[in-house]
Amino acid sequence: MDNLIDMRALLDGVDIFELSLWLSGALVILVLIGVRVAFATAFIGFLGLCLFFMQRQGFDQGLVTAMKLAGQIPHSKSTTYALSLIPTFILIGYLAYYAGLTRYLFEAAKRWVGWLPGGLGVATVFATAGFAAVSGASVATSAVFARIAIPEMLRLNYDKRFAAGVVAAGGTLASLIPPSAILVIYAIIVEQSVGKLLLAGFIPGIVSALIYGGLVVGLARLRPNLGPPVSGFTWGERFAALPGALPILLVVFIIVYSIYFGWATPTEAGALGAFVVLAMALWQGLKWGQLRGALMEAAKLTVMIFTMIWGVLIYVRFLGFARLPDVFAGWIGGLEFSPYVILLCILLVYVILGMFMDAIGMLILTLPVTFPAIIALNGGPDVTRADSAFGMTSEECAIWFGIIVVKMAELCLITPPIGLNCFVVAGVAQDSKIPISVQDVFRGATPFFGADVATVAVLIAFPGIVLWLPGLL
Amino acid sequence: MSSSSVLTDDSRLSRADQAWLRIEAFLNLISGIVIFALVMLACYNVVARKLFNAPVPGYVDWTEQFMATFAFLGLAYCQREGGHIRMDIVVGQLRRCALWLAEWLSILFMLFLTTALIYGAWFHFDRSFDWNAPLFSTDSSIDIALPLWPAKLLVPFSLAILWVRLVLQLWGFGRALRFDPERPVAVPLIEDAAALANKEAKTVEGANG
């Protein structure tokens with residue numbers, strides 16, 4: 001068949017690597033003008049594949065090959081067992097709403113830690129950490145606690161910025177404590193063990209929550225006008241508040257325990273967690289209409305995440321042909337700077353990107369290039385601990401980097417200009433008697449941003465905090 | 001960043017949008033029910049394996065084959081509801097015609113890609129399907145030899161549903177571009193943070209009420 005356009009002549013001498021750089025630039029433009037991230041990556045990947053094959057096979061044959069290659073990726077990459085974990089975690093989140101867990105958690109946390117300086121703030125931190133762990137959605141967590149916790153804090157004369165900042169920051173704790181969908185997505189993209197990553201997030205997640213709690217206490221001690229303690233609860237009242245909060249602890253326990261002891265696969269652990277929350281929701285009088293709503297939302301979020309995964313994998317397939325990740329990794333590996341300086345530069349890029357982008361979108365877009373670079377920086381895929389730059393094997397490096405980068409991505413939810421959690425808290429608080437502006441929330445969240453930066457620094461300096469638990473597997 | 005709302009009226013476009021939404025919502029519900037069923041299957045598998053040493057035969061194969069349902073069936077519904085993540089910090093600043101043009105172009109890119117993927121995904125299905133083979137299958141799963149073609153067929157099918165949705169949205173944004181209405185119908189509109197927050201909170205509050 002005659003070719004429609006003589007692409008071989010047109011593309012003769014075009015360097016495919018150079019082309020991949022141009023196309024990656026075009027991808028940034030597409031994302032900026034608002035093309036859905038999953039489709040923008042897939043589109044650019046497909047375009048790259050077209051040009052790559054047209055250069056070799058001419059227009060017609062090249063187009064057909066590119067279509068066949070891109071067309072098989074959605075099915076072949078989406079139907080792998082490891083990915084089946086994602087909908088179970090998502091379903092846990094939606095059912096958790098219907099199980100009425102938020103108020104129980106806040107009430108339990110208030111009775112147990114309310115006596116501390118800034119007690120309601122500490123209670124909010126732990127309640128958001130608990131709920132965020134099962135809901136996995138930072139923004140939704142902040143939205144719901146803005147309704148529950150902020151009015152109560154304002155009633156007790158808590159500083160409005162402080163109250164709003166605690167709620168906005170508390171929502172970000174979702175990302176590390178299992179079950180965390182974002183860690184699963186990271187694991188799939190970088191082809192690491194999902195179970196190990198989930199376990200690795202556990203201790204840093206708890207540490208983050210404790211640091212937030214400590215920060216609230218410290219701030220309230222320094223400036224007692226920020227918020228008074230809430231005391232007067234008897235031990236009987238404290239224990240009475242526990243059963244309502246128990247399902248959340250149970251879900252986290254089931255997931256950590258079953259993965260740690262190899263009792264169940266991560267998907268099965270997620271399914272057991274979903275079952276526990278479902279039982280709780282049914283006990284709370286879950287109706288068919290509500291279950292239907294939860295299933296619809298879970299399905300919608302699931303398909304969104306799967307589309308992102310196969311979309312980016314079409315792009316990755318093209319990048320592989322163009323050797324972009326290899327070349328970038330080689331370049332990073334060959335730099336004369338200290339590996340830690342380069343790591344910090346990469347993390348700084350994430351902070352900047354995170355100011356404008358959604359966490360999952362940001363990770364999916366960047367990991368195909370940054371992950372091989374980090375592994376190269378550490379000394380390559382087969383490096384021993386002794387020869388490596390960060391003192392760890394490449395598998396350990398993958399897990400460690402995953403936890404750090406996910407923490408960074410969540411941190412961006414409370415940074416201006418579009419820290420979504422802050423906007424959401426301000427939006428919900430519009431209805432309260434004391435108006436809270438977005439600036440108030442950003443200011444209130446600033447100390448937590450500082451705490452997060454310190455947490456990331458600690459995780460970089462002491463990788464053992466991340467690697468100890470998965471190392472026991 | 002990815003949430004939005006869709007307006008309706010009596011126009012032909014809006015009626016087509018709502019009719020198609022019924023199909024999309026039904027497919028999305030099937031996808032949700034399959035998620036629920038797989039959760040139950042996984043729970044049963046753990047209990048049967050641990051307590052009775054009798055795991056579900058071909059559990060991984062069944063899971064993998066049914067994954068195609070929730071990985072693809074809701075594609076168009078998610079697009080209708082504006083659920084696919086995007087960055088709207090730039091388009092969010094655009095107004096009226098400039099905004100409709102950006103949205104129209106964005107849908108055009110998606111339509112182009114979807115058309116190509118339907119073709120490719122159909123070939124992927126076609127390679128595992130044969131009218132004359134047992135169960136029409138020329139390719140099967142590793143453990144219990146389930147035919148792969150039904151799962152593969154779901155991809156071009158779901159993409160075709162999405163294709164129609166994209167055409168509707170192209171029509172919607174095209175109409176907005178031409179007549180420049182204040183509030184165009186049948187297309188997802190960008191919501192500001194406050195509206196988004198209230199929607200999030202309402203979902204959750206309704207649950208706790």
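How many helices and strands does the secondary structure of chain B come to?

## Chain B

The secondary structure of chain B comes to six helices and two strands, where helices (H or I, at least four residues) and strands (E, at least two) are DSSP runs numbered from the N terminus. Along the sequence these elements follow the pattern β-α-α-α-α-α-β-α. This is a predicted model, in which local features need pLDDT of at least 70 and side-chain atom pairs count only at pLDDT 80 or more, while totals for chains, interfaces and linings use all residues. Residues are numbered from 1 along each chain as its sequence is written, chains are lettered from A and ligands numbered from 1 in the order in which they are written, and side-chain values use heavy atoms, with hydrogens and water left out.

Of the 209 residues in chain B, 52% are buried, that is, under 20% relative accessible area with a 1.4 Å probe, counting protein chains only. The accessible surface of chain B (Shrake-Rupley method, 1.4 Å probe) comes to about 9500 Å², and carbon and sulfur atoms account for 65% of it. Among contacts (heavy atoms within 4.5 Å) in chain B between residues at least 6 apart in sequence, 74% join residues at least 24 apart.

## The interface of chain A and chain B

The size of an interface is often given as the accessible area lost when the parts come together. Chain A and chain B bury about 7000 Å² between them, with 76% of it on carbon and sulfur atoms; this buried area is the accessible area (1.4 Å probe) lost on putting the two parts together, summed over both. In chain A, the residues that lose the most area to chain B are A:R36, A:F39 and A:H75, together 11% of what that side buries.

The contact takes 78 residues from chain A and 73 residues from chain B. Between the two chains there are twelve residue pairs in polar contact, both residues being at pLDDT 80 or more; such a contact is a pair of N or O atoms within 3.5 Å, and within protein one must be able to donate a hydrogen and the other to accept it, while residues adjacent in sequence count only if both atoms are side-chain atoms. Helix α15 (residues 288-322) of chain A gives the most to the side that touches chain B, with 16 residues.

## The salt bridge at A:E268

Across this interface the rule finds one salt bridge, defined as a side-chain nitrogen of Lys or Arg within 4 Å of a carboxyl oxygen of Asp or Glu. The side chains of A:E268 and B:R49 form a salt bridge at 3.0 Å, N to O.

A:E268 lies in helix α14 (residues 266-283) of chain A and counts as buried because its relative accessibility is 1%. Apart from neighbours within four places in sequence, A:E268 is in contact with A:Y81 and with B:A42, B:N45, B:V46, B:R49 and B:Y59.

Notes
Buried means under 20% relative accessible area, exposed over 50%, partly exposed in between (1.4 Å probe, protein chains only).
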